[in-house]
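Me: I would like to learn how to read a ligand shell. Can you take me through one?

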Amino acid sequence: MKIVLASKSPRRRELLSNLGLDFQVIESNVEEFSSEKHPSRYVMDLSFNKALLVAKKLKEEAIVIGADTVVVIEDKVLGKPKDRDEAYIMLKNLQGRVHTVYTGITIVRTKDFKCVSDFEETKVWIKKLEDEEIFNYIDTGEGYDKAGAYAIQGFGALIVEKIEGDYFNVVGLPISKLFDILKREFGVRLL
Ligand SMILES: Cc1cn([C@H]2C[C@H](O)[C@@H](COP(=O)(O)OP(=O)(O)OP(=O)(O)O)O2)c(=O)[nH]c1=O
């Protein structure tokens, strides 16, 4: 069965490639908007929009995977920072505290448009940071296209104290949950 990743994220691509999976990438370029208020429903809704848009364009039989990641602190949902000031505000808010990373995933089968959505959540503790450290971190440039303005897989590893839950979920794709769904709901076995 052909597998399509509906994402422009190089991280998601790399995580799937690491598993030796043969798949195609088609960006969805969908507008990232959802009226859902709860983070878990919000990320599932956006992942659904991404996967469905790509699935509708395909002529052949395939399984399409969409995902969306946000950082949530108290009731605030943080996406990607639009500039340096916003990155600073996000990191200042995250430092010295715990937050939750939510990733929603949706799998759509083009044959019958069976859709399954789920989400994963991981708690992340960021160390207390001096302003100088925050600015130096922003200057690495790696946080701009990442939810919450940091990348745990890069220099961000230096500012993370600990996590509770799936690491890959923070990077943007909860691989273990994804394969459970592929096996259970679509009969796709990878092991
Ligand atoms: C918190 C965190 C997020 N991220 C990334 C994962 C996601 O790619 C990104 C959140 O943006 P998303 O909107 O989820 O994804 P995207 O725009 O990169 O790609 P697409 O919509 O095409 O699938 O933040 C990290 O890489 N490391 C981290 O530590």
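Reply: Start with the elements. Helices (H or I, at least four residues) and strands (E, at least two) are DSSP runs, numbered from the N terminus. Here β3 gives the most to the shell around the ligand, with 4 residues.

Me: What kind of model is this, and how is it numbered?

Reply: This is a predicted model: local features need pLDDT of at least 70, side-chain atom pairs count only at pLDDT 80 or more, and totals for chains, interfaces and linings use all residues. Numbering starts from 1 along each chain as its sequence is written. pLDDT is the predictor's confidence in each residue, from 0 to 100. The protein's mean pLDDT is 96, and 100% of its residues reach 70 or more. For the complex, ipTM is 0.97 and pTM is 0.97.

Me: How many residues surround the ligand?

Reply: A residue is near a molecule if its C-beta atom, placed from the backbone, lies within 6 Å of it. The ligand has 26 residues around it; the closest are Ser-7, Lys-8, Ser-9, Ile-152 and Gly-172. Two or more shell residues come from each of α1 (10-17), β3 (62-73) and α5 (167-171).

Me: Which residue does the UniProt annotation "active site" cover?

Reply: UniProt annotations may be inferred rather than shown by experiment. In this unreviewed entry, "active site" covers Asp-68. Asp-68 lies in strand β3.

Me: Is Asp-68 buried or exposed?

Reply: A residue is buried if 20 or more other C-beta atoms lie within 10 Å of its own, exposed if 12 or fewer, and partly exposed in between. Asp-68 is buried because 28 other C-beta atoms lie within 10 Å.
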